[in-house]
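Dear colleague,

I am handing over a structure that you have not worked with before.

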Amino acid sequence: MTESAPALADNLHPMVRLSGIVKRYPGVLANNNANLTVAMGEVHALLGENGAGKSTLMQVLYGACQQDAGDIEFAGRIVRFNSQRDAIRAGIGMIHQDFMLVRPFTVAENVMLGLYQGGAGVLDVNTVVTRIRLLSERHGLEVDPLARIDQLPLGVQQRVEILKLLYRDARLLILDEPTAVLTPQETLALLASLRSLVADGRSVIIVTHKLHEIMAVADRITIMRNGHTLATVDKAATSEAELARLMVGRDVLLKVDRPEQVSGRRLLSVKALQVDDERGQPCVRNVSLDVHAGEIVGIAGVDGNGQSPLVEALMGLRRVQAGRVVFDDNDVTNKTLAARAARGMMYVPADRRRMGSLDELSIEDNAILGSQQQFTHAHSPWLDRKAIRAHAEALITRYTIRTPDSHFHAGKLSGGNLQKLILGRELMRNPRLLIVEQPTRGLDVGAIEFVWAELLAARSSGMAILIVSTELEEILNLADRIIVMFDGRVMGELAGSAATNEQLGLLMAGLQSQE
């Protein structure tokens with residue numbers, strides 16, 4: 001049952017109103033009579049599980065696709081955007097998770113792209129630079145207009161994306177998961193900038209799954225479920241727990257209890273590891289770490305600071321230039337992925353669709369990836385389909401994977417259910433060491449709760465676990481020890497029970513900790 005939205009305050013007027021939006025795709029009703037009203041001068045958060053219809057609704061608003069029914073009212077008039085260019089011209093801008101910047105160009109050159117000025121169609125660079133500096137100072141978006149994009153940290157690149165929209169005088173800004181690549185300090189600065197933008201009369205829609213950030217910056221929150229808007233609530237009248245309940249339809253445990261336990265023997269030992277990137281440049285520099293049985297070690301850091309190449313080197317997917325990887329007292333530095341798996345090292349990759357699964361295959365076939373030989377008929381190379389089906393159905397039941405049946409294509413599963421499939425597949429092999437990269441990236445709070453519980457249960461059973469995550473809340477909830485990486489190096493190690501967001505944020509920014 002849809003709950004009514006709180007009325008706008010008398011001093012607020014709608015910037016945009018979406019009414020009865022319907023959007024169909026073959027076999028899918030992505031938006032089902034969805035409604036959204038965003039006031040002038042407010043930060044409005046859009047919240048919902050994966051597949052709830054948030055992205056589709058924003059694509060309709062931004063002109064990336066057109067609604068099948070319903071109306072868009074923007075700045076007091078009914079509009080229909082046939083393209084993103086139409087939306088931009090009207091005063092709507094959107095910042096995606098993957099930035100749309102030309103890396104060899106300067107900040108000013110990126111801002112100028114697509115703009116024309118004067119009869120000759122030539123922009124005056126000095127004018128552009130001056131205006132960028134004024135906008136930067138006004139909204140706390142510090143950036144050098146003459147710096148090249150490929151020399152800027154991700155947090156500063158995001159400021160450039162915002163400045164591009166402000167330069168075009170966008171009145172409504174849509175931000176999709178805006179803090180996914182930011183340190184805690186950069187996140188605080190961004191949230192402050194958003195408040196500055198709305199104080200200037202602009203409106204902001206923020207699409208995120210981070211409830212604490214919603215409570216920190218939003219004025220109102222709209223929750224979507226199954227393609228329609230379930231409720232719109234004032235921040236002052238709700239809580240993180242209530243938002244999670246509305247989003248998922250049940251109470252959700254937002255914090256986990258990590259029981260104290262004594263770790264066992266050292267299973268993984270990494271000594272002075274050096275790894276190069278695809279250009280032959282060092283991307284992992286002199287990294288050493290240990291993981292013991294019955295503990296979770298978390299590697300924190302902003303994405304792109306050597307975490308993925310490190311994990312690939314640990315699993316034999318990337319060549320090691322120097323150093324050693326020792327598992328269970330055996331040097332596995334130059335061993336294959338299969339050889340490591342045979343010893344009990346298992347891996348859940350960050351990219352669940354391109355590396356962790358095969359989209360075009362069924363759940364049954366994905367459930368046995370990497371262990372096909374265990375599911376053949378005796379003395380035969382042929383797969384035992386009956387045994388495979390029984391194994392897949394047991395996995396579906398054990399890990400509550402929502403699917404019509406075990407024949408269902410893995411590529412059609414939601415992100416949360418696909419992650420359950422991949423994580424469950426590796427856990428059912430009873431690994432001694434499990435390496436999980438970005439365990440809950442892109443998942444909603446219900447799926448996050450499930451994944452965290454499974455990892456802690458595996459820890460309690462004596463499994464050694466190494467997780468790599470850009471989500472500090474995840475690291476702080478799960479990890480017994482936290483290692484922070486920056487620019488391919490280990491910046492510091494902290495006990496999970498004593499670490500704070502502030503400490504981790506400094507290390508993630510490349511600043512050494514002070515004892």
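How much space lies in the second largest cavity? About 80 Å³. The model is a predicted one: local features need pLDDT of at least 70 and side-chain atom pairs pLDDT 80 or more, while totals for chains, interfaces and linings use all residues. Residues are numbered from 1 along each chain as its sequence is written, and side-chain values use heavy atoms, without hydrogens and water.

Cavities

A cavity here is a set of points, on a 1 Å grid over the protein atoms alone, where a 1.4 Å probe fits but cannot get out; lining residues have an atom within 4 Å of a point. Points are joined across faces, edges and corners, and a volume is the space filled by probe spheres set on them. Searching the whole structure gives four cavities of 30 Å³ or more.

The lining of the second largest cavity includes Gly140, Leu141, Arg159 and Glu186. Helix H5 (154–167) and helix H6 (184–199) each give two or more residues to this lining, and H6 has the largest share, with four. Helices are DSSP runs (H or I, at least four residues), numbered from the N terminus. By class, the lining has four nonpolar, four polar and two charged residues. Nonpolar covers Ala, Val, Leu, Ile, Met, Phe, Trp, Tyr, Cys and Pro; charged covers Asp, Glu, Lys and Arg; the others, Gly among them, are polar.

The largest cavity has a volume of about 230 Å³. It is lined by 16 residues, and His209, Val445, Ile448, Trp452 and Glu473 are the closest to its centre. Helices H7 (211–217), H14 (445–460) and H15 (472–478) each supply at least two lining residues; the largest share, four, is from H14. Seven of the lining residues are nonpolar, three polar and six charged.

Aromatic rings

Rings of Phe, Tyr and Trp (its six-membered ring) pair if their centres lie within 6.5 Å; planes under 30 degrees apart are stacked, over 60 edge-to-face, the rest tilted. The count is one aromatic pair. Tyr399 and Phe450 have ring centres 6.4 Å apart and planes at 80°, so the pair is edge-to-face. Because Tyr399 is in the loop between helix H12 (385–398) and helix H13 (415–427) and Phe450 is in helix H14, the pair ties together parts 51 residues apart in sequence. Both residues, Tyr399 and Phe450, are buried (under 20% relative accessible area, with a 1.4 Å probe and protein chains only).

Regards

Conventions:
1 Å grid on protein atoms, 1.4 Å probe; cavity = no way out; pocket = protein on both sides within 12 Å on 5 of 7 lines; lining within 4 Å. Buried < 20%, exposed > 50% of the residue type's maximum accessible area, 1.4 Å probe, protein only.
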